[in-house]
Amino acid sequence: IVGIETAFQTMYTHMVKPGIISLEKLIDLMAIAPRKRFDIPMGDDYTVWDLNAMETVDPEQFLSMGKATPFAGHKLYGKCLLTVCDSKIVYQSV
């Protein structure tokens with residue numbers, strides 16, 4: 001899925017930082033509402049972000065096999081530090 005690796009960063013940079021929507025609204029739109037819509041339990045899943053970190057989008061660094069992105073070279077705020085799923089660490093940045 002094009003954009004999945006940059007979705008949060010893009011929305012945070014272009015919607016939350018300029019004050020168009022709140023961080024709480026973004027979390028609702030990207031995490032809470034889809035779980036409610038598709039009846040997925042909240043469980044113990046969460047992600048920890050450094051919202052002050054700025055990164056340049058480099059598709060070669062994507063963990064997914066898809067490298068196509070319209071955001072290559074864009075500077076975006078937010079760095080994923082940790083992702084926990086079912087109480088297990090499934091991603092941790094180095």
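Glycine 43 sits in the loop between helix H2 (23-37) and strand S1 (46-56). Helices (H or I, at least four residues) and strands (E, at least two) are DSSP runs, numbered from the N terminus. This is a predicted model: local features need pLDDT of at least 70, side-chain atom pairs count only at pLDDT 80 or more, and totals for chains, interfaces and linings use all residues. Residues are numbered from 1 along each chain as its sequence is written, and side-chain values use heavy atoms, with hydrogens and water left out.

Glycine 43 is exposed, at 58% relative accessibility. Buried means under 20% relative accessible area, exposed over 50%, partly exposed in between (1.4 Å probe, protein chains only). The C-alpha atoms of glycine 43 and serine 87 are 8.4 Å apart, with 44 residues separating them along the chain.

Strand S2 (residues 75-85) pairs with S3 in the antiparallel sense, over four bridges. Strands pair if DSSP finds at least two bridges between them. S2 and S3 form a hairpin with two residues between them. In the turn, aspartate 86 has a positive phi of about 55 degrees. Leucine 82 faces glutamine 92 in S3. Strand S3 (residues 88-92) lies largely in the open, because zero of its five residues are buried.

The structure has two salt bridges. Each is a side-chain nitrogen of Lys or Arg within 4 Å of a carboxyl oxygen of Asp or Glu.

| Salt bridge | N to O distance |
|---|---|
| Arginine 35 – aspartate 45 | 3.0 Å |
| Lysine 79 – glutamate 55 | 3.4 Å |

Lysine 79 lies in strand S2 and glutamate 55 in strand S1, so this pair ties together parts 24 residues apart in sequence.
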